[in-house]
Amino acid sequence: MGQIYADALGGASAEIEYVDGTRVVLEAARWFEPIDGDEAILARCAEPTLDIGSGPGRLTAALARRGVHALGIDITPHAVALTRRAGGFALLRDVFDEVPGSGRWATALLADGNIGIGGDPGALLRRVRQLVRPGGTVVAEVEPPGVRSRVDRVRLRRGAAVGEWFGWAVVSAADIERVALSSGFTSAGCGPERGRWLAVLRAAG
Ligand SMILES: C[S@@+](CC[C@H](N)C(=O)[O-])C[C@H]1O[C@@H](n2cnc3c(N)ncnc32)[C@H](O)[C@@H]1O
């Protein structure tokens, strides 16, 4: 996601810019400390867990602290370094490239909107289906039912500096079952947890 994102993880300000010119602050700081609903996510993670797009690794490290084998993967070198510093295992990997333990992960985690990675939730879930073992689950954070599912083109901005445009999807709780069932999962449940919406998608056993 580039230098602007890496700098934001280091505390620099950054914005997400949409193609219509709308800008919102990238709140990278919130990924460093536990937030409401994290416990519910962690409780749904079986061993071993693959934390996809682990960022600075608060969830990967929290799983390690409770003795759950977990690996974070991220495409941002600074994020991987931060995860390791926080006490988690992490590798610099794109989820769409080769990932260790393919087909053997009990849980794949897509937290903090990471179901948006790549801008095509169906393609992402088909890829993640290859990574989890038979009977394994995907724990995915989605948006509340009233939010419309969509794909945005966005880029990061810091002052006059801008990154490359990339696709990022938003998936509504109202749509996650349909997307999951058409992407190789046999069931999907979804509900609210302390202000967040968590979906659990199950692969056939
Ligand atoms: C919303 S942030 C991460 C938040 C993170 N789950 C946390 O708890 O801190 C999204 C992360 O996904 C990573 N990412 C984006 N595309 C990716 C890809 N194709 N494969 C792996 N990681 C990716 C980004 O580098 C970024 O760190």
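**Strands, ligand and pocket**

Reply: Gladly, and please keep in mind throughout that this is a predicted model. A place to begin is strand S1 (residues 15-18), which runs antiparallel to strand S2 (residues 23-25) and is joined to S2 by 3 bridges.

Me: Which residue stands opposite Glu15 in S2?
Reply: That is Val25.

Me: And how many residues sit between S1 and S2 in the hairpin?
Reply: There are 4 residues between the two strands of the hairpin, and in the turn Gly21 has a positive phi of about 95°.

Me: What about S1 and strand S8, which way do they pair?
Reply: S1 and S8 (residues 150-158) pair in the antiparallel sense, over 4 bridges, and within S8 the bridge partner of Tyr18 is Val154.

Me: Switching to the ligand, which residues are closest?
Reply: Tyr5, Arg58, Asp74, Thr76 and Asp112 are the closest of the 18 residues that surround the ligand. By class, that shell consists of 8 nonpolar, 5 polar and 5 charged residues.

Me: Which ligand atom is 2.8 Å from the side chain of Thr76?
Reply: An oxygen atom of the ligand lies 2.8 Å from an N or O atom in the Thr76 side chain, and a ligand oxygen is likewise 2.8 Å from an N or O atom in the side chain of Asp112. For Asp94, the atom concerned is a nitrogen of the ligand, which is 3.0 Å from an N or O atom in that side chain.

Me: How much of the ligand's accessible area does the protein cover?
Reply: The protein covers 96% of the 600 Å² of accessible area that the ligand has on its own.

Me: Back to Asp112, what's its phi?
Reply: Phi of Asp112 is near 60°, which is a positive value in a residue other than glycine. Asp112 is found in the loop that connects strand S6 (105-110) with helix H5 (121-131).

Me: Which peptide bond is cis?
Reply: The bond from Glu47 to Pro48 is cis, with omega near -5°, and Pro48 lies in the loop between helix H2 and strand S3 (49-52).

Me: Last topic, what volume does the second largest pocket have?
Reply: Its volume is about 230 Å³, and of the 14 residues lining this pocket, Phe32, Pro34, Arg58, Ala61 and Arg65 are the closest to its centre.

How values were computed:
Residues numbered from 1 in each chain as written. Predicted model: local features only at pLDDT ≥ 70, side-chain atom pairs only at ≥ 80, totals over all residues. Heavy atoms only, no water. 1 Å grid on protein atoms, 1.4 Å probe; cavity = no way out; pocket = protein on both sides within 12 Å on 5 of 7 lines; lining within 4 Å. Points joined across faces, edges and corners; volume = space filled by probe spheres on them. Pairing = 2+ DSSP bridges. Near = heavy atom within 4 Å. Polar contact = N/O pair within 3.5 Å; in protein donor to acceptor, adjacent residues only side chain to side chain. Areas by Shrake-Rupley, 256 points an atom, 1.4 Å probe, with all protein chains shown as cover. Nonpolar A, V, L, I, M, F, W, Y, C, P; charged D, E, K, R; others polar.
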